[in-house]
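I opened the model to look up two things.

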Amino acid sequence: MTRADIEKRIVRYGELKPCKTAFIDAHTPGSDQKENFTIIGGGVSESPDQHVHIRDTPGFNIGAAGQPPKCRNSLHSHTTAEVFFVLKGRWRFFWGLHGTAGEFIAEEGDIFNIPTGIFRGFENVGTDYGMIMAILGGDDAGGGVTWAPHVIEEASAHGLVLGENGVLYDTKKGQELPHNVSPMPLLSAEQLKEFPEVPVENVVPRYVARYWDLMALAGKKPAKVIGTDALLKDKPGFEVDFLTRGSIADEMHSHDKHVVLMPMRGHWTLRFEGYETVLNPGDTALINPQEAHALAPSMTGEASLYRVTATDDPAGATWTEN
């Protein structure tokens, strides 16, 4: 294992390459300034222009969304996990067919394991460019996005058409649907009944974890954030832990499954046999199974990191004990 081998599996925040035409609402006023990033795996982008930093997946995808203030991501649904944590800024998450079933404000470091099968959207309500990091269940990230019907209709009015093949066509660029491809059909009234309007009291307590609570819980050992015995109980095909300065010893260790390290605050020294590097907030590092490494904050001050570990659970709908 060489330095080059390791660096190929580290995506630096400052080197992220955005796509501004990733989804059907790319021309819709209010959503036309968002940027989509696919870091590990192809994600759910509908655009051939999307740059994929690391194509192979460990059973889940890692991505990000960057948006200026007042820019929103339109209402959509996933069949597998969509987990966000706020890296930069202040964000409003909302859900329901028209985004009125519930909402809450997420601050930096907060994490949201969004229930599958509901329409959801998000908006930067901060004062500067914001970034949220995403974990998507499954090698194919659930196969794509299901849009609320009014999102597709509004997008068409602004020149973007989604084919039933999941590919986006921009009529402003002279693109047309191939003769053998029909437009993505709108969900019927009967189909829409399958997407519940979940009240906020059923979402925030079970699917949201707050940064400063996690900092307290991770004082002496990693805090289990998402998993069968975690704060947010789920089996999405991966587990999420939260680490801070006192969570783990600075010694070599390995994992049976793929692990992804995503620093939130501070700078973290990632050490291998014969090589070490520093991970910074917004960086993403993929660690292979049985790969011995050590991890520790490299400077004094606040330090926190999300660690995602693959599991044998199949990617699928949000799971609960009841």
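**Entry 1: the sheet**

I traced an open sheet of seven strands with mixed pairing, in the order β1-β22-β19-β24-β18-β16-β17. β1 (10-11) and β17 (232-233) are the edge strands, each with a single partner, so one side of each lacks a neighbour in the sheet. The model is predicted: local features need pLDDT of at least 70, side-chain atom pairs count only at pLDDT 80 or more, and totals for chains, interfaces and linings use all residues. Residues are numbered from 1 along each chain as its sequence is written, and side-chain values use heavy atoms, with hydrogens and water left out.

My terms: strands (E, at least two residues) are DSSP runs, numbered from the N terminus. Two strands pair if DSSP finds at least two bridges between them.

**Entry 2: β24**

I checked the partners of β24. Strand β18 (residues 238-244) pairs with β24 (residues 304-310) in the antiparallel sense, over seven bridges. Leu243 stands opposite Leu305 of β24. Glu239 stands opposite Thr309 of β24. Strand β19 (residues 259-265) also pairs with β24 in the antiparallel sense, over six bridges. There, Pro263 has Leu305 as its bridge partner.

Is β24 covered on one face or both? Both: Ser304, Tyr306, Val308 and Ala310 are buried on one side, and Leu305, Arg307 and Thr309 are buried on the other. Buried means under 20% relative accessible area (1.4 Å probe, protein chains only). In a regular strand the side chains alternate between the two faces of the sheet.

**Entry 3: the cavities**

I found two cavities of 30 Å³ or more. A cavity is a set of points on a 1 Å grid, over the protein atoms alone, where a 1.4 Å probe fits but cannot get out; lining residues have an atom within 4 Å of a point. Points are joined across faces, edges and corners, and a volume is the space filled by probe spheres set on them.

The largest cavity has a volume of about 220 Å³. Of its 22 lining residues, Phe23, Asn36, Val44, Glu82 and Leu136 are the closest to its centre. β4 gives the most to this lining, with five residues. By class, the lining has 12 nonpolar, nine polar and one charged residues. Nonpolar covers Ala, Val, Leu, Ile, Met, Phe, Trp, Tyr, Cys and Pro; charged covers Asp, Glu, Lys and Arg; the others, Gly among them, are polar.

The second largest cavity holds about 60 Å³. Its lining includes Cys19, Phe23, Asn36 and Asn73. β2 and β4 each supply at least two residues of that lining. The classes there are five nonpolar, four polar and three charged.

Methods
On a 1 Å grid over the protein atoms alone, a cavity is a set of points where a 1.4 Å probe fits but cannot get out, and a pocket is an open set with protein on both sides within 12 Å along at least five of seven lines; lining residues have an atom within 4 Å of a point. Helices (H or I, at least four residues) and strands (E, at least two) are DSSP runs, numbered from the N terminus. Buried means under 20% relative accessible area, exposed over 50%, partly exposed in between (1.4 Å probe, protein chains only).
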